Amino acid sequence: MTEQHSIPEHYLDGYAGTLAEVAATGRRLTREELAARRALGEQAAESGHGLRALVVAHLAAARAAWPRTPGSADSTLAAVQQAVDAFAEGYERAQRLAVRREEAARREFIDDLLYGRSDLGRLAERAERFGLRMSRAHAVAVAEGPVPYAEGDPVTRQVERAVLARFDARSILLTTKNGRLLCVAPGDEDDVLTHFAKQVYAAAEGCRVAVGRAQHGPGGVVQSYEEALATLEMAGRLDLNEPLLRAADLLVYPVLARDRQAMADLVSHTLGPLTAARGGPQPLLDTLTAYFDSGCVAAEAARRLSLSVRALTYRLERIHKLTGADPADPAHRYPLQTAVIGARLLDWPAKPL
């Protein structure tokens, strides 16, 4: 049976009679008749019938009822145009409403998924509809750029097309939240998140991507998402510029930051004497940061600071004299480097301890 023949006849109710009356009188369709065609179009869309088959059915009915009286063809053709246009308008209106409902349901699901506000059992059921199986572990990648990302933006569309063209769309969720671009993928498919990060960097400049650790269950998505957000915040404080930041590789930082008072005491005791330096502590703190970040290679640290090696060496000696800790001595290096990390985490000396 063809799709045309499967179209229920009630979608053509009154159509042939209207065409016959138009052929006889030359009148146009009334407002009530057009409203009826629109309503039938909405019903057809909600029932899942294809618009092409519905238009073909209308044209076939018009052909069967085509008037034999000379001079009435123009009026009849105008009526067919009005009727089909009204029917298609109702059909499209119903489709737009369905899309808005689907978008609203998807957004509600995403909000519940990322904030853990819904019953976990019910959330797992809803997740199947959007391609996620909550029995698996999932990891979340979060991209943050200089400008907010939103659904439908060019960058969002470009990244989505690139990711879904390579991987199974049924197991991946791409969306935006609070101006950030998110990718939720199975925890054992790390190549998805890596590819997502590459596509983000290809589509926009000045962005940073963080990946939370894979976690199990509906609540695991929330944990991975929050971990990725915390990693982005940590990267901003520490000025980390790696193209892809993984929470699993940065676990030492939240551990250090967990006891704020202890960290503040360490920074104050170890680096506090730098406040006596001419120009304040910041230049010397930057020197320590560059020195440790370069693997304690003086020539590389000097290059990063645009200094001569001699000038860098002088600064290191000044730090040793003020603090009593020698950055070049392995016995002093660990507490000194930990204090430098703590200063960055606490935003010292810009903020008082």
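1. Along the principal axes, the C-alpha atoms fill a box of roughly 110 × 40 × 35 Å.

2. This is a predicted model, in which local features need pLDDT of at least 70 and side-chain atom pairs count only at pLDDT 80 or more, while totals for chains, interfaces and linings use all residues. Residues are numbered from 1 along each chain as its sequence is written, and side-chain values use heavy atoms, with hydrogens and water left out.

3. The chain has 14 helices and six strands, read as DSSP runs (helices H or I, at least four residues; strands E, at least two) and numbered from the N terminus.

4. Of the 353 residues, 42% are buried, meaning under 20% relative accessible area with a 1.4 Å probe, protein chains only. Contact means heavy atoms within 4.5 Å. Among contacts between residues at least 6 apart in sequence, 72% join residues at least 24 apart.

5. A nonpolar core is a set of buried Ala, Val, Leu, Ile, Met, Phe, Trp, Tyr and Cys residues joined through side-chain atoms within 4.5 Å. The largest has 49 residues, of which V142, L173, V267, L271 and L288 touch the most other members. Apart from that core lies another, of 22 residues, including A139, A143, F167 and A204.

6. Beyond its neighbours within four places in sequence, L173 is in contact with residues including R106, F109, L132 and V184.

Technical notes. Buried < 20%, exposed > 50% of the residue type's maximum accessible area, 1.4 Å probe, protein only.
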